[in-house]
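Welcome, and please open the model in your viewer. We will go from stop to stop, with something to select at each one.

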Protein chains: 2
Amino acid sequence: MIADMPMGEKALIKRIRRAVGARRGVVAGIGDDCAVLRVPLRHEVLVTTDFSLEGTHFRREWHPADSIGHRCLARGLSDIAAMGGIPLAVFLSLALPRNLPQKWVGEFMRGMLRLAEEFGVSLAGGDTAESPSGVLADIVVVGSAPKGKAIRRSGARVGDGIYVTGVLGGAAAALDLLYAGRKLSARDSPRHFYPEPRVRVGKYLREKKIATAMIDISDGLSTDLAHICEESGVGAEVNEGMIPRAEFRGYGGLVDMKFALHGGEDYELLFTVARGKKLPERIGGIAITKIGRITRGKRVTIVDGRGKRRKLYPQGWEHFKG
Amino acid sequence: MIADMPMGEKALIKRIRRAVGARRGVVAGIGDDCAVLRVPLRHEVLVTTDFSLEGTHFRREWHPADSIGHRCLARGLSDIAAMGGIPLAVFLSLALPRNLPQKWVGEFMRGMLRLAEEFGVSLAGGDTAESPSGVLADIVVVGSAPKGKAIRRSGARVGDGIYVTGVLGGAAAALDLLYAGRKLSARDSPRHFYPEPRVRVGKYLREKKIATAMIDISDGLSTDLAHICEESGVGAEVNEGMIPRAEFRGYGGLVDMKFALHGGEDYELLFTVARGKKLPERIGGIAITKIGRITRGKRVTIVDGRGKRRKLYPQGWEHFKG
């Protein structure tokens, strides 16, 4: 717990303590051996943990500190969104190199706490340590959903439609340009620097009993669709022409299809819906697009504009190769 | 979540998946965006996170891999114990250097899962990544306690007795010898290599309404007592002669008082008890020793055998200086 740290880190803790208010569900936060959370009646608890490591998930040369703080938390909130859950509390374990400027840490915390604030969730604890090399953040988000109602990956059935929120490939296209040595700012690609976890959409899909299975697109459509198929014991057929691609200035139009198919970190939702179930074209302002359907067997195929069918291999997303 | 990792780590995940059984409270574990936990009716949720970093908290040259796995988890379970809680599920975020032998990872997991098994708690998720330098583990333990009954640090009142479980200083004395270049094995200091979190004692103290405030001794008696005093707004007086010191072969008798006062990682419990409240000499086989009392003001003093009084400064515990 944060209270058990070396004296040298007291300034950071004081800063965090000041930033943290008592909020929904948090009975005791920083300053005890454990945080104490109150979960709504007849709810189950959702827990997700995500490492964000310098060099693997971000680079200080490429990303402003507040973007890094935002992105660390967005990964966890997106996992809660993918279950249709409500986020309750955040825990941050942060290892920092000795020579890191306090200003950087302040900006990192500002980016994280601004996003937490937006979703009404508080920082309820964590741990800090000195890092031997680079910034290491492990984010835990605790949320809840009514008993038995969290949307799993395993609920897709043959005949279900396959849907995505928003547009895909924007975050990966930005990353590609960063690799190529281009300087990018948040204005060029807000989705890369400040991704918006789809918590409200996920909650709506759960409350309206729309989604049979759901996952967030953190590793890329091809990989995350494979996860749904594997857990549900089904196959899938995707129509290439129906995949909503991001527009991106740097490319002078829509991003390349490879980014939409395999690029990670869009944090959109991928979900399945029973045949005949009605759903709106937009949820909370976010476009909902049908991209295919669930099939028998275990094969995931993609059909191009000329009706040509090929296997869609999960190519994963390697984040940064550095 | 563990399911979202690069393919190269699949072997580790399969190993973990096999090792994990469905257990108390875990509805969904590895293989979804979040773990889903069921918390006992009218219980609150306890959450604690602890970083264990190579070089700071352990060294591969000093500690067998299974001891490191054990120690990582013991830190979290001990935080649950300090609230009088019941552990429900464990989450492990693990970053490993590229060249680490699979055998080491297997032994690390074995040590962790053996301790989890002992406390009937399962590994319900986590994350893995490649570490730029050394082994980094972040452990999250989720537990529960009946609503409003978790034992806080803030409940100590003037006149309460101050108590500790077990004996103190053994883990730090072992560390001191390791620093001095001595080879030690688990037989020399089981408390250092395989500390036993006092979950059963903590639960007993909560159920019998014995403890008014509690903390685990992870940073050393002087520091952790200061935490209780700070959170409760009280002072304390400790009798040096009453502090139960560990016996340790390497020292040919009782460990030096400095280790018992300031040495961390014993994971014993420090708690306060209202005047006149009866409590047993042992709980579940663990000795309970009164070492002082809570006083007015904010000063923490220690009285030696000749009645001489001095201030007890929280000296913290620096773990490894390397």
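The model is predicted, so local features need pLDDT of at least 70 and side-chain atom pairs count only at pLDDT 80 or more, while totals for chains, interfaces and linings use all residues. Residues are numbered from 1 along each chain as its sequence is written, and chains are lettered from A and ligands numbered from 1 in the order in which they are written.

Now show both chains. Contact here puts two C-beta atoms, placed from the backbone, within 7 Å.

Which strands form the open sheet, and in what order? Select β1(A)-β2(A)-β3(B)-β6(B)-β4(B)-β5(B), 6 strands with mixed pairing. Strands (E, at least two residues) and helices (H or I, at least four) are DSSP runs numbered from the N terminus, and two strands pair if DSSP finds at least two bridges between them. At the edges stand β1 (26–28) of chain A and β5 (122–130) of chain B, each with a single partner strand, so one side of each is left without a neighbour in the sheet.

Zoom in on β4 (residues 86–96) of chain B, which pairs with β5(B) in the parallel sense over 8 bridges. Here B:Val90 stands opposite B:Leu123 in β5(B).

Move on to β9 (residues 235–239) of chain B. Antiparallel to it runs β14 (residues 286–295) of chain B, joined by 4 bridges, and B:Ala236 stands opposite B:Ile294 in β14(B). Strand β15 (residues 300–303) of chain B pairs with β9(B) in the parallel sense, also over 4 bridges; B:Val238 stands opposite B:Ile302 there.

Finally, colour chain A by domain: domain 1 covers 2–146 and domain 2 covers 153–311, with bounds from an automatic or database domain assignment. Their contact takes 18 residues from domain 1 of chain A and 18 residues from domain 2 of chain A. On the domain 1 side, α2(A) gives the most, with 11 residues.
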